[in-house]
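These are my notes from a reading of one structure. I wrote them in the order in which I looked things up.

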Amino acid sequence: MKLVTAIIKPFKLDDAREALSEIGVQGITVTEVKGFGRQKGHTELYRGAEYVVDFLPKVKIEVAIADDLLDQTLEAITKAANTGKIGDGKIFVTDLLQVIRIRTGETGEAAV
Amino acid sequence: MEEQIFQLQYAMDTFYFLVCGALVMWMAAGFAMLEAGLVRSKNTTEILTKNVALFSVACIMYLICGYAVMYGGPVLLSGIEGGDSLVADALASKVEEGFDGGSVYSGASDFFFQVVFVATAMSIVSGAVAERMKLWAFLAFAVVMTGFIYPLEGSWTWGGNAVFGLYTLGDMGFSDFAGSGIVHLAGATAALSGVILLGPRFGKYSADGSIKGIPGANLPLATLGTFILWLGWFGFNGGSVLKLSDVASANSVAMVFLNTNAAAAGGLVAALLVARFMFGKADLTMALNGALAGLVAITAEPSTPTALQATLFGALGGVLVVLSIVGLDKLKIDDPVGAISVHGSCGILGLLLVPITNDASTFVGQIVGGLTIFVWVFVASFIVWMALKAIIGLRVSEEEEAEGVDVSECGLEAYPEFTK
């Protein structure tokens, strides 16, 4: 089982969610985050004084999937979230040691 | 028949006073929202607590002794409800004044109208000291400001008494219709003396001279607060006409509403344009301050200017407030909401604009009056702030400031469920 974490532009969230539904990914967790990679921030003026807008708003998607869905998941997110412009984001893939469905107690791939 | 008309006038003028007083009371909500919107979210609960508490402290202190200091009369408002001869006394006053003469109204309504002005003056201080002052030090100051400092200064101006027995401002041609100087400059002066002793927020000014912008957390609230203040100001200036119940008075009231509104509009547009010119983008917070600056500028004389003059006077306020905000920052005087600029700089402007349209006032009188208010309030406030600093300390610790005063002073977050 894998945990796929994707940081994407906020307005791409709906597209990403739809794409994941289409390939059969059932569950998703979404968090509002801020960050930057190579897309640097900029300065703005507030009442005449400078402040740095380093951290740009992004959305973090987390999906737990069975191993056999990994390639489709990565393709779905990449295609949906891509704009071709700087700041599109990144996807991280990590191994999941265990998954448990709280309601039923199911574990492993049955819980994903 | 004449008696009944006099009773009607009394009732109408009393009613008018009460409604205007209620409008000015609503300005407290305006200040609360404006300030809550311009501080960071970790400091929201504390500033709201400050606002509701100072309003209440002002009402109580003015009731206990402030009103007596300002206008004479008994402490604790004893007898204000009137006795058995209430109607007869009122009618006798009305006969003396006549239909077209001075306004005669309920003593209780006079207190009600006055007390909300005290609260307004005190409220100006809360924004300037935001995000780093100890709540209880602020409230202790409020007790003295509303019970003594403001009332004494008010007694020399609206109360008509000689300043420490030396000179009488009214005789010198001092005129301040609704309180650009008496209320707004006074509040800003108390704020300034506090801010000087308090120091700026941590990280605001760096050693290399750069100034850090610290954006407010909730601009919808700040905007709502400004509009609420704008509405309340119709009561602030409108009620200061003191009478409604004859054609001349009613017309004066109408002009005051018209000019008050025009000045706010002029101030907002001017501030917006100046901010656009100076900073390249439309800074909403400057526009909001601009509207208030216009309102403060017209407050010393909203009845005699023409509509165009009122708009221009407001616009002058709007220009001045932006320059003042930037200027105070350069002097390292940290004012998170621009209170000192809106109410102090533009309060002075308001005083100086009066002789342009009001022949009964003089520039000398305005300057002497302004200086009297400024010196008295500054010195008296400074002493109180110093005493508080020595006894309980004015400022929260650096750690508490970083964590947010909501946690350290109130133990409550404004938005505990939000994870952002």
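What share of the contacts in chain B between residues at least 6 apart in sequence join residues at least 24 apart? I looked this up and found 81%. I note here that the model is a predicted one.

**Entry: chain B**

I went through the secondary structure of chain B and found 14 helices and zero strands. Read from the N terminus, the order of elements is therefore α-α-α-α-α-α-α-α-α-α-α-α-α-α. I then took the extent of the C-alpha trace of chain B, which is about 70 × 45 × 45 Å along its principal axes. For burial, I noted that 55% of the 420 residues of chain B count as buried.

**Entry: two helices of chain B**

I picked helix H7 of chain B, residues 219-238, and helix H9 of chain B, residues 284-299. At what angle do H7 and H9 of chain B pack? I found about 10°, and the axes of the two helices are 10 Å apart. Angles under 35 degrees count as roughly parallel, so I call H7(B) roughly parallel to H9(B). On the H7(B) side, I listed the residues that make the contact: B:Leu219, B:Ala222, B:Thr223, B:Thr226, B:Leu229, B:Trp230, B:Trp233, B:Phe236 and B:Asn237. On the H9(B) side, the contact is made by B:Leu284, B:Thr285, B:Leu288, B:Ala291, B:Leu292, B:Leu295 and B:Thr299. I sorted the residues of this contact by class and got 11 nonpolar, five polar and no charged ones.

**Entry: chain A**

I turned to chain A, where I found two helices and six strands. From the N terminus, the elements of chain A follow the order β-α-β-β-β-β-α-β. I compared the radius of gyration of chain A, 17 Å, with the value near 13 Å that a compact globule of 112 residues would have. The box that the C-alpha atoms of chain A fill is roughly 60 × 30 × 20 Å along the principal axes.

**Entry: strand pairing in chain A**

Which strands are joined to strand E1 of chain A by seven bridges? I found strand E5 of chain A, residues 56-65, which runs antiparallel to E1, residues 2-8. In this pair I looked up A:Ala6, whose bridge partner in E5(A) is A:Ile61. I also found strand E6 of chain A, residues 89-95, joined to E1(A) by seven bridges and again antiparallel. Here I noted A:Lys2, which stands opposite A:Asp95 in E6(A).

**Entry: where the chains touch**

How many residues of chain A are in contact with chain B? I found eight, and they are in contact with 13 residues of chain B. On the chain A side, the elements that give two or more residues are strand E3 (42-46) and strand E4 (49-53). E4(A) gives the most to this side, with three residues. By class, I recorded four nonpolar, one polar and three charged residues on the side of chain A that touches chain B.

How values were computed:
Residues are numbered from 1 along each chain as its sequence is written. Chains are lettered from A and ligands numbered from 1 in the order in which they are written. This is a predicted model: local features need pLDDT of at least 70, side-chain atom pairs count only at pLDDT 80 or more; totals for chains, interfaces and linings use all residues. Helices (H or I, at least four residues) and strands (E, at least two) are DSSP runs, numbered from the N terminus. The radius of gyration is taken over C-alpha atoms; the globule rule is 2.2 Å times the number of residues to the power 0.38. A residue is buried if 20 or more other C-beta atoms lie within 10 Å of its own, exposed if 12 or fewer, and partly exposed in between; C-beta atoms are placed from the backbone. Two residues are in contact if their C-beta atoms, placed from the backbone, lie within 7 Å. Ala, Val, Leu, Ile, Met, Phe, Trp, Tyr, Cys and Pro count as nonpolar, Asp, Glu, Lys and Arg as charged, and the others, Gly among them, as polar. Axes are lines fitted to C-alpha atoms, for helices over the stretch in contact, and angles run from 0 to 180 degrees between N-to-C directions. Angles under 35 degrees count as roughly parallel, over 145 as roughly antiparallel, 65 to 115 as roughly perpendicular and the rest as oblique. Two strands pair if DSSP finds at least two bridges between them.
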